[in-house]
Amino acid sequence: MLLELNSRADITLDLYERVAWRGHGVRFGPSAVQRMMECRNEFLNLIDNDPSVTIYGVTTGYGHHANRRLEGEARRIHARMPPRACVAAFGRPVPDRVARGIVLARLANFVEGHAAVTPALAGEVAALLSRGPLPELALSGQGGAGEILWAGPLFAELAEGFALGEKDALSLVNGSPAASALIADAALAMRRRLDLVERVFALSVEAIKAPLEAYDAVFESLWGDPHEADALRRLRLLLRDAGGERRSYQAPVSYRILPRVIGQFRRVIAQAEEIADSSLQSVTDNPLFVRPNADHPHGRVLSNGGYHNARAYPALDNLAAACVDLCILAERHTTKLLDGRYSLLPDQLQRGDGHIGILGFVQVGYAEEARRLAQRTFLPGSEAGGFGQNDVGALTGLAWQSQEEVGRCLDAALAMLAAIGSQALFVTEREAPPELAATLAAIRDQFPPVIRSQTFAAQLAALMTRFRAGIYDVQESP
């Protein structure tokens with residue numbers, strides 16, 4: 001199914017999910033095609049009728065050749081050069097869904113004419129989303145200013161077979177479509193992971209028989225935070241009709257702070273979604289074409305720094321940090337559940353001689369791995385160097401990679417906590433609350449209750465795979 005684009009406002013996070021994750025294609029609607037043609041003609045009129053105009057990459061060279069003037073035939077020869085040199089990064093590739101997202105985000109510069117490319121070229125870029133797998137795109141080595149290393153591999157082959165005109169090659173590879181795609185991808189994955197987080201932690205609350213007063217509705221107004229209020233409501237829903245027998249005194253801290261820690265997770269996801277929506281619709285071309293008006297009858301082309309998305313990588317870092325907190329919380333829950341002095345359950349939750357307590361050791365390993373992965377992303381320092389004008393790189397890819405790996409650690413931590421919670425209910429012969437019954441059944445499909453000595457690695461890996469399938473597997477477009 002082809003989804004129609006007529007303006008930047010059409011490129012929402014919902015559309016991104018349908019195109020990048022579910023495999024739909026896109027096309028430009030009639031109004032977008034008309035506008036792009038008008039802008040292309042206005043742009044050509046500007047450069048043909050104002051011999052003094054200076055436009056980076058059009059009437060000048062690229063990079064450290066920006067002070068070199070191009071005119072006439074030299075300008076046209078320069079325009080026909082495809083961006084071969086931009087295909088340089090190599091190493092671990094990004095998932096195809098991210099590559100598709102970058103292609104979609106590229107269209108924000110085209111759809112309202114700001115890139116001044118022809119409708120034919122814009123249509124060829126959009127058609128890449130309907131022509132099968134995209135070229136492999138490296139995650140490693142993405143250290144340049146702007147995103148030419150991201151875009152080059154996706155559009156180089158198209159450029160080789162297309163009659164490029166002035167500004168076309170630059171409009172293919174400039175801007176920040178990768179940052180838009182990376183923050184959108186992370187926001188979608190974390191939103192899906194949120195449901196798993198809340199279900200597994202609610203199961204742990206039930207397993208340890210924690211008093212439910214810590215999740216009372218009164219805290220919604222007393223704390224005054226909408227994301228914590230949502231977490232409180234979700235925990236109450238999942239624990240509705242929970243078993244009546246609870247401990248007579250407060251649960252450990254790691255249980256009582258659940259609404260606030262999950263509330264923070266909800267907060268950074270909401271922030272990532274807002275940044276993703278804004279970034280997907282943002283015009284980030286450099287130089288950028290502005291249509292004629294009374295003050296500028298031939299229009300303008302402006303050099304700018306729109307290609308540097310300064311919001312995306314801090315938001316990705318925040319997602320990683322929130323996941324680390326949840327990894328640590330899962331490890332603390334596991335520790336308490338396995339220790340009968342705190343859980344009031346059989347020590348190590350044994351039936352027979354199965355030593356399930358070993359899972360606590362593995363929990364520590366994943367929590368510490370997550371902590372080390374979640375380093376803060378900064379602009380590269382002076383020691384990172386540069387080339388020509390490109391003196392500040394963008395490291396959004398590293399921030400995305402960190403949150404993706406920390407998310408994997410969290411999925412593993414949740415798998416272990418889920419197995420422990422399941423075992424706690426098994427040895428005490430209790431059922432899960434109705435809202436968690438299907439969750440418990442899915443856990444036990446991969447990790448049945450332990451009744452004898454056994455190995456655990458394969459079953460835990462299978463449970464983690466089941467969890468991750470719920471996050472990342474989506475039905476493709478027919």
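## Basis of the model

Helices are DSSP runs of H or I with at least four residues, strands are E runs of at least two, and both are numbered from the N terminus. The model is predicted: local features need pLDDT of at least 70, side-chain atom pairs count only at pLDDT 80 or more, and totals for chains, interfaces and linings use all residues. Residues are numbered from 1 along each chain as its sequence is written, and side-chain values use heavy atoms, with hydrogens and water left out.

## Overall fold

The chain has 18 helices and four strands. Its C-alpha atoms fill a box of roughly 85 × 45 × 40 Å along the principal axes. Of the 478 residues, 55% are buried. Buried means under 20% relative accessible area, exposed means over 50%, and partly exposed lies in between (1.4 Å probe, protein chains only).

Contacts are heavy atoms within 4.5 Å. Among contacts with a separation of 6 or more, 79% join residues 24 or more positions apart. The accessible surface is about 20,000 Å², and carbon and sulfur atoms hold 52% of it. Areas come from the Shrake-Rupley method with a 1.4 Å probe; for residues, only the protein chains shown count as cover.

## Helix α16

Helix α16 covers residues 396-427, 32 residues in total. The expected span is 1.5 Å times one less than the number of residues. Of its 32 residues, 28 are buried, so α16 is largely enclosed by the rest of the structure. Glu-429 follows the helix, with a positive phi near 55°.

## Salt bridges around Arg-199

A salt bridge is a side-chain nitrogen of Lys or Arg within 4 Å of a carboxyl oxygen of Asp or Glu. The count comes to 37. One network links Asp-195, Glu-198, Arg-199, Arg-234 and Arg-266.

Arg-199 lies in helix α8 (residues 177-207). Its side chain meets that of Asp-195 in a salt bridge (3.3 Å, N to O). An α-helix has 3.6 residues a turn, so residues three or four places apart point the same way. Asp-195 is partly exposed at 34% relative accessibility. Arg-199 also makes a 3.1 Å side-chain polar contact with Thr-439. Such a contact is a pair of N or O atoms within 3.5 Å; within protein, one must be able to donate a hydrogen and the other to accept it, and residues adjacent in sequence count only if both atoms are side-chain atoms. Beyond four places in sequence, Arg-199 touches Arg-234, Leu-238, Glu-435, Leu-436 and Thr-439.

## Bridges across the chain

The side chains of Arg-234 and Glu-198 form a salt bridge (3.5 Å, N to O). Arg-234 is in helix α10 (residues 226-238) and Glu-198 in α8, so the pair ties together parts 36 residues apart in sequence. Both are buried: Arg-234 at 18% relative accessibility, Glu-198 at 2%.

Arg-376 and Asp-317 also meet in a salt bridge (3.8 Å, N to O). Arg-376 sits in the loop between α15 and α16, Asp-317 in helix α13 (residues 312-338), 59 residues apart. Arg-376 is partly exposed at 42%, while Asp-317 is buried at 5%.

## A nonpolar surface patch

Phe-361 is in helix α15 (residues 359-373). Its relative accessibility is 61%, so Phe-361 counts as exposed. With Ile-358 and Val-362 it forms a nonpolar surface patch of about 270 Å² accessible area together. Patches use residues with over 30% relative accessible area and no salt bridge; like charges are joined within 9 Å, nonpolar side chains (Val, Leu, Ile, Met, Phe, Trp, Tyr) within 5 Å.
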